[in-house]
Number of protein chains: 2
Amino acid sequence: MKIGGKHYRSVWVESDGRTVFYIDQTLLPFEFKVRQLANVGAAAQAIRTMQVRGAPLIGAVAAFGVALAMANDASDATLEHARDLLLATRPTAINLAWALDRMGNALLNQPRTERVAAAYREAQAICDEDVTTCQAIGRHGLQLIRAAAGSKRPVNILTHCNAGWIACVDWGTALAPIYMAHDAGIPVHVWVDETRPRNQGARLTAWELGAHGVPHTVIVDSAGGHLMQRGLVDLCIVGTDRTTAGGDVCNKIGTYLKALAAHDNNVPFYVALPHTSIDWTLESGASIPIEERAANEVTSITGRDAAGKIVSVAVTPDGSAAANFAFDVTPARLIGALITERGVTPASAEGLLSLYPEQAPEPTKERGK
Amino acid sequence: MKIGGKHYRSVWVESDGRTVFYIDQTLLPFEFKVRQLANVGAAAQAIRTMQVRGAPLIGAVAAFGVALAMANDASDATLEHARDLLLATRPTAINLAWALDRMGNALLNQPRTERVAAAYREAQAICDEDVTTCQAIGRHGLQLIRAAAGSKRPVNILTHCNAGWIACVDWGTALAPIYMAHDAGIPVHVWVDETRPRNQGARLTAWELGAHGVPHTVIVDSAGGHLMQRGLVDLCIVGTDRTTAGGDVCNKIGTYLKALAAHDNNVPFYVALPHTSIDWTLESGASIPIEERAANEVTSITGRDAAGKIVSVAVTPDGSAAANFAFDVTPARLIGALITERGVTPASAEGLLSLYPEQAPEPTKERGK
């Protein structure tokens, strides 16, 4: 998407084919800073500190992390170490494991002399496919927004956290249909959950939408239920860090509460996801590991002070403990539909298998890993 | 309750019988500042700027505001002006109108020479009765906590916003049962919703509980659903700004989402309230006016910086709009029980009338105002 008229991806390789850059998301919306991804350690650190975040983007940056490791030393040991290092950065998003598996498969049987080129090629392919995938999600989701339009007012869409282009390589998952609706001239207005504790809604989704000219209003995470009770939300679209084979959706903490409110008020609740976010090995969301992050993400908040400096302020009394669960699981029963690159389908094992029949267990053969 | 070993109320009259003091809640937990309530204009300003907040406390401070107005000029015109000024400060809490009605009834038929003394007497009575009422709520709620205790771990209680002693005159509504359980040696642990946008949970509830030594953990408002799914919440207790005759509960924005999650996970959801928070003229919560506050409560956050200074930081991009609905309505069907000073009762017209039979419509007489 464009920033100040110039097209950007959230991670990209320079024309030399080797130098990798990314947008530091911890400084947005106050500062737009492009950083170089120097090596695999820097990639792990960028993921861990959430300079890059969003399930698809984490996978893409991890892939480049492996490529950078190969550029340094194309040995099996380095490959294994890079994958272990990157896999340990964050536990919940399944795309990370998916991308690292794919990089491993692409490299392990390659001669060392070809590994560097192969690694960059594969990482770039992961990025390009993510863009294509997100565009397809956008086109399918656009039909749902189009169906909700037609009244005198804009289509009011609530989203939680950031599942926009900055969470992916381009376009986004939850936001792709919104960008496409806006570009197609369908009037849309987005209620942006601020999404404590890290405020990815207030900081990133609002910034993205504003940069693209999409009307939006930031609200506290507690407000969505009231808006739905008053008829001010036509539909919800969120992303996901991991969706199970049974259709349970793990996403940023608080998604479950919005799904409950949508269900209670007959507001359609959609989850947009690429196939890379599906964990075919899990039936129920209850088994997904939920990341617990540092308490100081709750006890302090980062913003811009009157002098324009980015500072953190404490918001709790000294001595009060805080807990910081980063994700929750929304049961499939609360989800109206899943929007994938292959189409819109019910959040159920049957629904997912109807789009991904190749994932059906084969009774006569051993099931693949 | 005690702060550093000294007993405080949230508003009080000095031994001269005329000088009124209150705790400035906008500075907590970072600074404990007692301010004098100089006149009725200052009372209105203190309520409007939320130096004092919490439905019962708003009523008490408004009563003292009337007394201060009378001390200045005991005329009918001044009385009327004081009531209009104070009533216009905040729209949602019904206690404000209740306290102002009561002050009017106590003063209008008094000779002017006795109005000042009568006004202070009545305001003091409102305060003293609120303390007695909260103590009774605490005793009734204590039984619910006691019934939930007995396992090997503490009783885990989730609360939203601040309905503690600082929201009342002393003891609190939702927190009174918790203080009494703690004092009775029942192990309790409180999950404190930070309660954006003004963070009354993170700032006031955490401070209160900490000062009294009650174990607690601050969480973002989005976390409660996940905690309930994982069995980490035994019961919820919240306060209310207005409860209808039909048992619908208007309370700080986000209460509805927690009630939905409690219902979805079979966690008892209790609302603690004094009779002064009941609006007998409304059946449904849909007719309660919902205060919309300034957008900058959402777009910026106040906290303490590294140098110890209280500062506000912006958390949204320039140019992004924000909406700030301060309350929502939880339908009676989601509420396990109401805890009032007269006992525990279902959230329904029948339940409330069983405790307050004097409010039943009298078919042969005209219903009183």
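In chain B, D193(B) stands opposite I219(B), a residue of strand β8(B). This is a predicted model. The two strands concerned, β7(B) and β8 (residues 216-219) of chain B, pair in the parallel sense, with four bridges between them. Together with helix α7 (residues 200-212) of chain B, β7(B) and β8(B) form a right-handed β-α-β unit.

How many of the residues of strand β7 of chain B are buried? Six of the six residues in 188-193 are buried, that is, under 20% relative accessible area, so β7(B) is largely enclosed by the rest of the structure. In a regular strand, side chains alternate between the two faces of the sheet. In β7(B), V188(B), V190(B) and V192(B) point one way, while H189(B), W191(B) and D193(B) point the other way.

Finally, I consider chain A. An open sheet of four strands there has the order β13-β10-β11-β17, and its pairing is mixed. Its edge strands, β13 (278-279) and β17 (327-330) of chain A, each pair on one side only. Strand β11 (residues 249-252) of chain A runs antiparallel to β17(A), and four bridges join them. Within that pairing, N251(A) stands opposite D328(A) of β17(A).

Note on methods: Residues numbered from 1 in each chain as written. Chains lettered and ligands numbered in written order. Predicted model: local features only at pLDDT ≥ 70, side-chain atom pairs only at ≥ 80, totals over all residues. Heavy atoms only, no water. Buried < 20%, exposed > 50% of the residue type's maximum accessible area, 1.4 Å probe, protein only. Pairing = 2+ DSSP bridges. Right-handed = clockwise from strand over helix to strand, strands pointing away.
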